[in-house]
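Me: Please show the sequence and the model. Then we can go through them by question and answer.

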Amino acid sequence: MAVLSKVFLALIAASVVVGQSQPYGQCGGQGWSGATTCTSGWTCTVSNPFYSQCLPGTATTTATTTTLSTTKSTPPATTTSTTPVSTTTTATGSSPSSGVIGTDFEGTVDSSVWSVIVTAQSGGSATIDTTKAHSGTHSLKIVSTGGYSNHIFYGVSNLNALGSGSNIYGRYYANFLNAFTQDHTTHMMMTDPVSQTLRMGGQFGVLDWNRASDDSIMPDGSPSSNAGSIAIAGNTWYCIEFHLSRTTGQIETWVNGSAISSLTTPQTRWGSSYIPNPSNWGLGWESYGSDPNTVWYDDIALGTSRLGC
């Protein structure tokens, strides 16, 4: 579903029940103002000054929180609830050396890591929005009027920020205003010198992968393989995860924590010799027909091991 970003050195927090953080959720760290205790059976564990997380344990512990000095802007006294991504409101950083970089759009962008990486040719917009969020109060809102030239993607311009490891893992929450149709669309892209662009999106009403070099898709478009994917409904939050190996070419996909068999290699039409080495990564919306959509993205992260929902 100025760009504002926050360091995530572990999993980004799941939704918080009143007074306590959920399993694997954030419970402390610099700038954290949410719950600092965990549900029964989980312990608030300090990973570093920036992040504490609820991990399996027998005690409920209060995390030590260090205030991070930030400058917040006052929202304008108008009815609008969006801020262009070229502006910022609060300040946090990113730590590429940690092996995990992410943003929940509650803090200010580190422009050396996060930026608009593909600009629309004739339309499309990216704003920080307060009308819909998976967690907190802010999310990234992408608007596209449909058609190939009306697109925009925001993300990491240089995947070297993750280091030189072979595995790229991603996790993001997405909420699509319109359900996926039979037409071909893209909402996640990675530029690869070999395949031009490696993409995740929709076709035949379900989630799919596509590569630009030969337009191969995964699943292959047959009724049986499409049944192994997942139909994407409108106005629903989905947790989408992926794994890409830069040494073996393996691709894995999970939605809401469950593996999607038809979006996991090997697949007959996709082939086994393709080994991508993408240089960047982004979220947005691109349609190859006339499929306008508005998408909200939240709690996004890239890492070198699986991040989880």
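Me: Which residue meets Arg211 in a salt bridge?
Reply: This is a predicted model, where local features need pLDDT of at least 70, side-chain atom pairs count only at pLDDT 80 or more, and totals for chains, interfaces and linings use all residues. Residues are numbered from 1 along each chain as its sequence is written, and side-chain values use heavy atoms, with hydrogens and water left out. A salt bridge puts a side-chain nitrogen of Lys or Arg within 4 Å of a carboxyl oxygen of Asp or Glu. At 2.9 Å, N to O, the side chain of Arg211 meets that of Asp214.

Me: Is Arg211 buried or exposed?
Reply: Buried means under 20% relative accessible area, exposed over 50%, and partly exposed in between (1.4 Å probe, protein chains only). Arg211 has 6% relative accessibility, so Arg211 counts as buried.

Me: What is the relative accessible area of Asp214?
Reply: Asp214 is classed as partly exposed. Its relative accessible area is 41%.

Me: How many residues apart are Arg306 and Glu241?
Reply: The side chains of Arg306 and Glu241 meet in a salt bridge, 3.0 Å from N to O. Arg306 is in the segment after strand 19, and Glu241 is in strand 15. Strands (E, at least two residues) and helices (H or I, at least four) are DSSP runs, numbered from the N terminus. The pair links distant parts of the chain, 65 residues apart.

Me: How many salt bridges does the rule count?
Reply: One joins Arg211 and Asp214. Another joins Arg306 and Glu241. The count comes to 2.

Me: Which residue is joined to Cys239 by a disulfide?
Reply: A disulfide is a pair of cysteine sulfur atoms within 2.5 Å. The S to S distance here is 2.0 Å, and the partner of Cys239 is Cys309.

Me: Why does this pair tie together parts that are 70 residues apart in sequence?
Reply: The link of Cys239 and Cys309 is left-handed, with -95° about the S-S bond. Cys239 lies in strand 15 (residues 237–245), and Cys309 lies in the segment after strand 19 (293–303), so the parts tied together are 70 residues apart.

Me: What is the relative accessibility of Cys309?
Reply: Cys239, at 2%, counts as buried. Cys309 counts as partly exposed, at 36%.

Me: Where does Cys44 lie?
Reply: A disulfide joins Cys27 to Cys44, with S to S at 1.9 Å. The link is right-handed, with 100° about the S-S bond. Cys27 is in strand 1 (residues 26–28), 17 residues apart from its partner. Both Cys27 and Cys44 are buried, and Cys44 lies in strand 2 (residues 42–48).

Me: How many strands does the chain have?
Reply: Buried residues make up 53% of the 309 residues in the chain. There is 1 helix, and the strands number 19.

Me: What is the mean pLDDT of the chain?
Reply: pLDDT is the predictor's confidence in each residue, from 0 to 100. In this chain, 76% of residues reach 70 or more, and the mean is 76.

Me: How many contacts does the stretch of residues 1–18 have beyond near neighbours in sequence?
Reply: The pLDDT is below 50 over residues 1–18. Contact means heavy atoms within 4.5 Å. Beyond near neighbours in sequence, the contacts of this stretch in the model number 95.
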